[in-house]
Structures are given as structure tokens and as C-alpha cells.
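Student: I would like to take a close look at a single part of this model, and I would be glad of a careful, connected explanation.

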Amino acid sequence: MAGFPEFKNTRRLILLFAAISVLLVGISVVSLLYLNHTMNKLSDSLYNDVYQNSELILNADRDLYQAALALHTAMNGNITGEQRSLLSRNFEENNAQAQQRLSRAGDNINSVKNPFRGMKQSEQLLGELKNALYGFDGPFETWKDTGRELIVQRVQNGWNPESFSALQINVLLEHVREPLDQSEQLIDSYARQVTQEFRDQKSSLFAVYSLFLFLLVLVIIYLCRKLIGLQNEMLEEKSLYQLIGESMSDFIILTDPNGLIMYASPSHSSLLGYTPGKGTPLSNYIREAEITWAKLKSVVQATPRISELRMRSADGHWVWLETKVSPIKGGSAFPAQFMLVSREITQRKQYEERLHKLAFYDHLTAIPNRAHFKMYMENLISQPEERKQDIALALLDCDRFKQLNDTLGHLAGDEFLQLLSRELQQTVKGYGQAFRIGGDEFAVVLHRFSSPEMLDEMLDRLLQLFNKTWSINQGSSFHTSASIGVALYPQHGISINELLRAADLAMYRSKNHGGNEANLYSKLVDEEYTDQSK
């Protein structure tokens with residue numbers, strides 16, 4: 001029953017706004033099209049027929065100046081023949097370029113037509129502009145011929161420097177530039193005149209349009225009163241829907257397209273101790289950096305998405321929620337709003353976390369175990385080529401650990417392993433990761449070293465860590481050391497088993513030498529171990 005009134009009101013709103021739109025179009029279409037047409041014509045005229053031509057004339061004036069500069073320099077007696085030849089070419093090229101620019105400007109101006117009929121003053125200025133450009137050809141030809149003749153005389157034997165007059169050249173140049181200066185002034189005057197005449201034409205158009213606009217405002221006021229009545233009906237329905245949302249046990253949040261909260265159900269208060277504030281960003285309450293609002297919005301543009309996220313409670317704890325994010329379509333192809341419907345899954349996540357720790361962390365020392373070691377190594381080895389790093393796998397075996405268990409007992413041995421694991425983690429922090437892979441045997445994966453020297457330094461630190469006296473079992477002391485074997489990826493193996501075998505052989509060599517030693521795997525170690533096994 002709730003959907004029928006909503007449909008009815010929506011249909012009435014559509015019809016009402018359609019009537020307004022038709023009225024707007026009917027009154028404004030003629031005047032607006034005409035105004036838009038004249039504005040486009042004026043814009044094209046001022047740019048293509050005026051300002052662009054002004055730029056061409058200015059550039060032609062600049063080319064003439066460069067040609068004059070080349071001519072004056074060519075007449076200098078202190079330059080070589082090659083330099084004079086280059087200057088002569090510059091003189092001809094600049095003159096040709098100036099003539100080409102003015103020819104284009106002349107063609108453009110000859111094709112100019114005024115936006116409106118009866119614009120007599122602008123038509124008169126346009127005629128004067130054309131005459132000014134026609135007056136350029138004669139002085140320009142005289143200028144070119146005189147320059148060429150001077151350059152030819154300059155290269156002849158017996159040339160008299162006194163026959164060259166810089167003043168005469170400057171006078172000729174001024175005669176050539178006079179039509180250009182006059183053209184620039186006329187272009188500016190023409191632009192101003194066309195603008196003024198356009199404004200006069202436009203004023204009468206706006207007078208008629210203003211009358212229609214006034215009548216249109218009266219109609220809109222009447223229709224707005226009707227819309228207000230419809231809006232009140234919709235608010236009543238909205239209140240009903242809000243009441244339904246507030247009585248639900250699920251946690252509901254409604255946001256705008258930018259992630260600002262528009263509505264949060266009161267059920268949040270029972271879970272979080274507060275209700276998220278209206279108008280605040282949803283990202284203020286979410287912990288997961290990877291679920292930023294921009295990303296969350298981009299992946300649910302078309303279909304709903306279920307995400308797991310955490311929200312901070314009033315006492316500072318983080319509460320896990322399973323949230324379904326759904327777009328609520330607006331009038332365009334993009335969502336107008338987003339709805340988040342959540343339920344608490346904190347106990348489930350805690351259970352999953354306990355299972356993860358049991359599977360991947362050693363129960364005695366709390367450091368990563370053998371399963372975690374394999375996953376860690378597989379991740380490093382499977383990296384793309386451009387991201388792969390040098391990897392060193394070190395196997396560490398405690399010397400005389402059996403003696404500790406036999407003399408002080410297994411509880412003392414467990415205490416020693418816990419102390420050793422904590423210090424081992426701190427030692428390799430920032431360079432790799434430590435793992436307990438069984439008994440008194442540990443593995444250290446180093447992949448953040450930049451040189452063999454840094455690797456040797458890390459191995460020395462590991463030896464020093466083991467080679468000391470430990471205080472355990474309420475005051476008892478135990479001195480130990482370590483036998484370390486090291487294998488490098490990919491030099492000594494490209495799989496985990498190959499690297500473990502190489503590091504294990506190197507570790508046994510250290511143990512056979514009496515312990516407290518780190519050895520790097522080599523073929524010699526492999527042959528030695530093979531001979532012993534035979």
C-alpha cells in the first residue's frame with residue numbers, strides 16, 4: 001500500500017515539472033535561439049575576422065623589423081661573406097613571411113560580413129581597413145627592391161660605404177609600416193563599433209524577453225505552491241518509512257554520493273554507544289584504510305556489495321560488521337544515495353582470528369611457525385620479476401639445547417625458547433622475519449639487505465644473540481651458541497625445498513665445526529655431505 005501513494009505523487013510531480021518545462025521552452029525558445037545565434041556570430045567575427053587578423057598584422061610588422069635588422073647587419077663591413085649570405089636569406093625570408101601574413105589577413109577581411117544589416121558605421125570602418133591593406137603593396141615592393149640592390153652592391157668590389165644611408169632605409173621601412181599601423185587602429189575601431197551595435201540590437205531583444213520572464217515567474221510561483229503541498233505529503237510518507245527503519249534490529253546508514261551521512265538508525269546506539277552524526281563523513285567511523293569511501297563507492301555503482309568493516313565504539317573498541325552497500329538510483333546513471341545495512345560479526349571474526357593464530361603461529365613462542373614460513377616464502381618467490389628481491393634463508397640450531405633439557409628440565413627449555421624467540425624477532429625486525437620450524441630449530445628469512453656486507457653483519461648479530469649466557473629457571477644460567485646455515489635465492493635454489501636442503505647442509509657443516517659459526521652453502525658443502533652419507 002505504501003508504494004501506490006509514492007507512485008501517484010511521483011507521477012504528479014513529473015507532470016507538473018513537464019508543464020513548467022513546456023512553458024519555459026515555448027516562451028523562451030525563439031528569443032534564446034536568436035540571442036545565441038547573434039552571440040555566436042559576434043564571437044566568430046571578433047575572433048576570426050578581427051583579433052586573428054590583428055595578430056597576423058602584428059607578426060608581419062615584426063617580420064619587417066627582422067628583415068630591416070638583417071639588412072643593416074649585412075651592410076656592416078666587419079662580417080664574412082658567409083654571414084652576409086645568411087643575412088641576405090634572412091632578409092628575403094622575413095619579407096616573404098610578412099607578405100604571406102598580410103595576404104592571409106587581406107583574404108580574411110575581404111570575406112568579413114557584419115552580423116546585422118544596417119550597421120553603417122562598422123561597414124565604413126571595414127572599407128577603410130581594406131583600403132589600408134591595399135596601400136601596403138606599393139611601398140613594400142620598393143622596400144624589397146631597394147634592399148636587394150643594396151646587398152648586391154655591397155658584395156661588389158670597390159663598394160663605397162658612404163653610398164649606404166641607414167636613414168634612407170629607415171624612411172623606406174616607415175613608409176611600409178604606415179599602412180600596417182593604420183590597419184591595426186582600424187581593426188580595433190571596427191571591433192569596438194561592432195560590439196556597440198550588437199549591444200543596441202540585443203537591448204531590444206532583452207526587453208521583450210523580460211516581459212515574458214515576468215509572466216513566467218508568476219506561473220512558477222503558482223506551481224511552487226502546488227509542489228509544497230505535494231512535498232508535505234511525501235514528508236509524511238518519509239516519516240513512516242523512518243519509523244520502520246528505527247524499529248529494525250539491523251544497523252542502517254544512508255549517505256549521499258560523497259559519503260556524508262544523511263541518516264543513521266538508532267540501533268547503532270545499542271552496539272556502539274552512540275549514533276553516527278548526520279552530515280559527518282562515514283570514513284570517520286571506519287577503521288579499514290582499504291575501504292575508503294571513494295573505493296567503496298566506485299565498486300558498487302551498479303550492484304550491491306557485501307564488505308566486512310570495523311566501526312569504533314564509544315569506549316574505544318572496534319566492532320566488526322558485515323555490511324551490504326547498495327546504490328539507490330537517482331535521476332541519472334549514477335547513484336543518488338548509498339544504503340549500508342550491517343549486522344555484528346565480532347564473535348565470528350574473533351573465532352577466525354584464533355583459528356588463524358593456531359594455524360600459523362607457534363603455540364609456545366607465539367612467533368610464526370613452519371606453515372607460516374612456507375606461505376611467507378611462497379609469497380616472496382612468486383613476486384613479479386620487477387618486484388623480486390634477493391632472499392637469504394638462514395637455518396639456526398641451538399647448540400647444547402639437549403643438555404639444557406637434560407639438566408634443568410623441559411620447563412626451563414621452554415622458558416629459554418620463549419626468551420630466545422622474543423629477542424630473535426627484535427634482532428631481524430626491519431630486515432626480514434623469524435620462524436620456529438620445530439624443536440630448537442629456527443628459520444630467518446632476510447630480504448631487505450642491499451649488499452653482501454649487510455648480510456654478513458646480520459649473520460654476526462644472530463651469532464652474537466645466541467652466544468651468551470641466559471638466566472632461566474629462577475636464577476639458573478645456561479650458555480649457548482648457534483650453528484647457522486645460509487642459502488641464497490635464486491643462486492642456491494628456486495623452490496622452498498631446494499633452499500631448505502641447501503641451508504640445512506650448510507648448518508650441519510657449522511655444527512660439525514663445533515658450532516657458533518655461520519656457513520654459506522656451496523657445492524663443496526654438498527659434495528662433503530654426499531661423501532659422508534655414502
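Student: Which glycine takes a positive phi just after α11, and about how many degrees is it?

Tutor: Please keep in mind that this is a predicted model. The residue you ask about is glycine 430, which comes just after α11 and has a positive phi of about 90 degrees. Along α11 the buried residues are Ala412, Gly413, Phe416, Leu417, Leu420, Ser421, Leu424, Thr427 and Val428.

When contacts between residues at least 6 apart in sequence are considered, 63% of them join residues at least 24 apart. The chain exposes about 31,000 Å², with carbon and sulfur atoms supplying 54% of that area.

Elsewhere, the structure holds three cavities of 30 Å³ or more, and the second largest cavity contains about 50 Å³ of space. Among the residues that line this second largest cavity are Ile253, His268, Leu309, Met311, Thr323 and Ser342, while the elements giving two or more residues to its lining are β3 (305-312), β4 (318-329) and β5 (335-344). The lining of the second largest cavity comprises seven nonpolar residues, three polar ones and no charged ones.

Note on methods
Residues are numbered from 1 along each chain as its sequence is written. This is a predicted model: local features need pLDDT of at least 70, side-chain atom pairs count only at pLDDT 80 or more; totals for chains, interfaces and linings use all residues. Side-chain values use heavy atoms; hydrogens and water are left out. Buried means under 20% relative accessible area, exposed over 50%, partly exposed in between (1.4 Å probe, protein chains only). Helices (H or I, at least four residues) and strands (E, at least two) are DSSP runs, numbered from the N terminus. Contact means heavy atoms within 4.5 Å. Accessible areas come from the Shrake-Rupley method with a 1.4 Å probe; for residues, only the protein chains shown count as cover. On a 1 Å grid over the protein atoms alone, a cavity is a set of points where a 1.4 Å probe fits but cannot get out, and a pocket is an open set with protein on both sides within 12 Å along at least five of seven lines; lining residues have an atom within 4 Å of a point. Grid points are joined across faces, edges and corners, and a volume is the space filled by probe spheres set on the points. Ala, Val, Leu, Ile, Met, Phe, Trp, Tyr, Cys and Pro count as nonpolar, Asp, Glu, Lys and Arg as charged, and the others, Gly among them, as polar.
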